[in-house]
Amino acid sequence: MKRLKIIHNHINNKSCNANTGGTKIETEFIAGHLGSHRSATTLTNPGAFNEMVKSVIPPLTHDKHKGQAGRVATIGGSRDYTGAPYFAAMSALRLGCDLTQVFCTRDASPVIKSYSPELIVHPFLDGETAVEDISTGLPKFHSVVIGPGLGRDTSILQNVKGVIIKCRELDIPLVIDADGVFLLCQEPDIIKDYKKAILTPNVVEFKHLYNKVMGGDPNPLEPVNDVMILARSLGNVTIVRKGENDIIADGENVLVCCGEGSPRRCGGQGDILAGTMGTFHYWSHKKYSSEEPDKHQMLLTYGPNICAAYGACLLTRRCGKQAFARIGRQMTTSEMMQELPKAFVYLFE
């Protein structure tokens, strides 16, 4: 049977079998016997996956112009959910993309604009010509984040379906989160076989998507196996099943991010993850597809999607850890986002 590599990243997290001081543990599994049935375990080079992420981060030089470090769009934001697209778009910007724009409903637009002058906000998402209006600007974006604050209005979801189809035509890297995943639970074929897509379901969303695609519930005893099977069944899209440990799989490889985070589970943390993943998604694909001869070996082996997903997962966890250490139980996502610059320096500089 085909052998699949499963990488567990351990960074001082007791849930990952004690403090390993940043050492990575590489485990081979046999397809069909993933999860608790290991065939071999070997220690890999400590820090290798952090170096992979570092290798795609563009250097800051004085000869760059606006937009070269990334233009990221966020599709989401509705009457009841205005914070989520703000957190996603601002996190993408704070990580290091140059421009970020939000495409939301008309009633959400003035609210989101009021949160920050940094954001460009378009009130197109619930219009009769939403797909056309949004599609006109899509070619200039390097990645698109879909789902934060989207809501479940049927007409809006149909507009988002049209936007996803257009992004596929334009070969734009996608991150699909929250109610974007809900849409895929209804129509998974929308994203099937699109290898530049990263889906970020939580445990409950993953269960619904797995049930829709596979016709049954996932096995709680073998989550790694289930994420791998679902990713492969969807045509090797990348799936990040969020949880105590984030399981990242593309149908060929798995990377389990066990970086220590926060025990505080306030809303909005997934929006930081989605936004930073949007920026990392562009950086990873740009480096991976470049003609530069010095690509990191891990990037060549595991690909740009896993690199982007891992970088965002680790960074979000670090933000949570720092914010919780500073504030404790009263921590909110706003405090997490304030930690992003220090967390980035700690991990990647």
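**Reading burial, packing and rings**

User: Which residues are buried in H6?

Analyst: In H6, the buried residues are Asp179, Gly180, Val181, Leu183, Leu184 and Cys185. Buried means under 20% relative accessible area, exposed over 50%, and partly exposed in between (1.4 Å probe, protein chains only). Helices (H or I, at least four residues) and strands (E, at least two) are DSSP runs, numbered from the N terminus.

User: Where does this model come from, and how are residues numbered?

Analyst: The model is predicted: local features need pLDDT of at least 70, side-chain atom pairs count only at pLDDT 80 or more, and totals for chains, interfaces and linings use all residues. Residues are numbered from 1 along each chain as its sequence is written, and side-chain values use heavy atoms, leaving out hydrogens and water.

User: How many helices and strands are in the chain?

Analyst: The chain has 12 helices and 12 strands. Of its 349 residues, 57% are buried. Take contacts between residues at least 6 apart in sequence: 67% of them join residues at least 24 apart.

User: Which residues of H4 are buried, and which are exposed?

Analyst: Read a helix by its sides. In H4 (residues 130-137), Ala130, Ile134, Ser135 and Gly137 are buried. These four cover an arc of only 160° around the axis, which puts them on the same side of H4. The arc is that of the directions from the helix axis to the C-beta atoms. Glu132 and Thr136 are exposed on the other side of H4. The cover over the buried residues includes strand E4 (71-75), strand E5 (99-103) and H5.

User: How many disulfides are there?

Analyst: A disulfide is a pair of cysteine sulfur atoms within 2.5 Å. By this rule the count is 0. Take Cys313: the nearest cysteine sulfur belongs to Cys257, 5.3 Å away. Cys313 is buried, with a relative accessible area of 1%. Cys307 is buried too, at 1%.

User: How many aromatic pairs does the structure hold?

Analyst: Rings of Phe, Tyr and Trp (its six-membered ring) pair if their centres lie within 6.5 Å; planes under 30 degrees apart count as stacked, over 60 as edge-to-face and the rest as tilted. The structure holds 10 aromatic pairs. One is Phe103 with Phe141: centres 5.9 Å apart, planes at 85°, so edge-to-face. This pair links distant parts of the chain, 38 residues apart: Phe103 is in strand E5, Phe141 in the loop between H4 and E7. Phe103 and Phe141 are buried.

User: What about Phe280 and Trp283?

Analyst: Their centres are 5.7 Å apart and their planes at 90°, so this pair is edge-to-face. Phe280 and Trp283 are 3 residues apart in helix H9 (residues 269-289), about one helical turn. Phe280 is buried at 0% relative accessibility, and Trp283 at 4%. Ring pairs link Phe280, Trp283, Phe344 and Phe348 into a cluster.

User: Which ring does Arg152 lie over?

Analyst: A charge sits over a ring if NZ of Lys or CZ of Arg is within 6 Å of the ring centre and within 35 degrees of the ring normal. Arg152 lies over the face of Phe182, 3.9 Å from the ring centre. The charged end of Arg318 sits over the ring of Tyr346, 3.6 Å from its centre.

Conventions. Contact = heavy atoms within 4.5 Å.
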